[in-house]
Amino acid sequence: MLDRSATKKIPQIENPNKKNVYNVLLVGETGSGKSTLINYLTNYFRGGTLNNLKIAIPSKHYPATEEFDHQEKDLQDPTKSKTGKCTFYNFSLNGIDYAFIDTPGLSDTSGRDKDAENILKIMEVAEMTGTIAAIMLVVNGTVARTTSNLKDTINMMKSSVPDVLLSNLVVVLTNCSATSANFQFSALNPWTISDKNRFYMNNSALSTPVDTWIDDTEKFEEIEYGWKKSMRTIDQMVKQITQLGHVASDAFGEMRKKKSDIKSKLNAQINDMRKLYGLQNKLTDLQHAENIASISVSSYSNYKANTAVEFLEHEPTSYSNVLCKNHLHVVCCHDCDRGSFWPMSFCQAFAPKTTCKSCGCGISVHFDARYKPVKATKTVEMILQETKQRYDESKQQQTTIQNQISSLSGDLDLLKKDLDAKALKIVDNCKELQQICSQFNFSDELASTIAVMKTDTGFVTNMEVKADAVARIDRIQSLAASLNVKPGGSR
């Protein structure tokens, strides 16, 4: 007689590194039957029967009967994960301790971000246990085709299970038998699951209310047959888990840290891209302002004006002329015939009076000169002070803006180089992660980041800036695609 007993509820394993604890991670998409499987395991370890069912996790048909710290919610909504966090269900069998760890369902209606959060929770718990005996992928075996949700779940698991644990992968197909299962194991490629690690469970006993079959002999016998078969399957499963032994789970810790680091760097990439958009928009505004300042400089550059100015030149003569000190532009007597020997009173401009006939001035203000005044003009450059002030102001503004453009252009160049360097660093981190988990899919990890980047790009109005942003996103996606190409060209 097998000794089946169970520990009381504990939120965590008291000694995660205890060698005789077989830790089993249960993972799967929402609605795959993980919680029901836990309840079957509870009946197996605690000696439950169809007449005395042991329920660890409540469902819409059965309330909990056992003292476990479950996290079930939204029991009526099949599209939402019932399990809110990783929960340990600890059992003992023949002196051996087993810890089945129920994890949040993946690919429910909460979206990718919630899935990423749950994956990190699973990794953290796996790391904390110290060792893992098996990773149990629970799949609804009635699914004929790989649905998008199931495909997403499988891809997430491929990106999350370290290679060191691939031999410890166990697949449980629920709601079916080996002959009625529709699920194709090829959907797990390149993972290969050995036959001894494949199990089929018909969970019909807990899928319908007990009052629909307990008093119906034919239905009861059918339920009982499936129940006994499921118990035998669980017995084989537990023995196989024991055979798989213990594998150190520190690889999960390395993966979790690297994934967190990659996520942090991707978020930083988003923030840097937004900063880049802001700087590029500011640069565009400055360039526009510089164009306006240049126009102002050009329009006020004609602050100098030329004007013609009249002046008197002294044109030398070979003869003597009589000029007036008061009227220097007038020749009172041209080529005076008295010569310079006779007094001014003998000049024809005065005789017989002492007043000049030409200018009307007295004789005393007149003098002899061997030149004559000639009117001439010259061009003089004049500064238009108001225009010059506006020119200087515009020029100063233009210089200030040009300096700002130069500084901002330098900042942009540095930021672009930094973005490129960080993108390559993310790729390096992904390559390091692929050394631990060869099926790590960077494109899936990147999907939400690219979605945010594309959304941000949609708000960019400057076409040059938008083109640069799109090209940058395309380069990141190309790098991601190159990482997902496996040897031989497969993905």
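This is a predicted model: local features need pLDDT of at least 70, side-chain atom pairs count only at pLDDT 80 or more; totals for chains, interfaces and linings use all residues.
Strand β4 spans residues 96-102. Of its 7 residues, 6 are buried, so the strand is mostly covered; buried here means under 20% relative accessible area. Strand β4 pairs with two strands, β2 and β3. Strand β2 covers residues 21-27 and runs parallel to β4, with 6 bridges between them. Strand β3 covers residues 87-93 and runs antiparallel to β4, with 7 bridges. Tyr98 of β4 takes part in both pairings. Its bridge partner is Tyr22 in one case and Phe91 in the other. Strands β3 and β4 form a hairpin with 2 residues between the strands. In this hairpin, Asn94 adopts a positive phi near 55°.

Charge also gathers on the surface. A negative patch there consists of Asp211, Asp215, Asp216, Glu218, Glu221 and Glu222. Asp211 sits in the loop that links β8 (198-201) to α4 (217-244). Asp211 is classed as exposed because its relative accessibility is 61%, and the cut-off for exposed is over 50%.

Side chains of opposite charge can pair when their charged atoms come close. The structure contains 19 salt bridges. One of them joins Lys114 to Glu117, with an N to O distance of 3.3 Å. Both residues belong to helix α2 (residues 112-129). They are 3 residues apart, about one turn of the helix. Lys114 is partly exposed, at 31% relative accessibility. Glu117 is also partly exposed, with a value of 38%.

Lys388 counts as partly exposed at 23% relative accessibility. Asp392 is partly exposed at 37%. Elsewhere, salt bridges with shared partners connect Asp420, Asp468, Arg472 and Arg475 in one network.

Key. Residues are numbered from 1 along each chain as its sequence is written. Side-chain values use heavy atoms; hydrogens and water are left out. Buried means under 20% relative accessible area, exposed over 50%, partly exposed in between (1.4 Å probe, protein chains only). Helices (H or I, at least four residues) and strands (E, at least two) are DSSP runs, numbered from the N terminus. Two strands pair if DSSP finds at least two bridges between them. Patches are made of residues with over 30% relative accessible area and no salt bridge: like charges are joined within 9 Å, nonpolar side chains (Val, Leu, Ile, Met, Phe, Trp, Tyr) within 5 Å. Accessible areas come from the Shrake-Rupley method with a 1.4 Å probe; for residues, only the protein chains shown count as cover. A salt bridge is a side-chain nitrogen of Lys or Arg within 4 Å of a carboxyl oxygen of Asp or Glu. Lys and Arg count as positive and Asp and Glu as negative; His and the chain ends are not counted. The place of a charge is taken as NZ of Lys, CZ of Arg, CG of Asp or CD of Glu.
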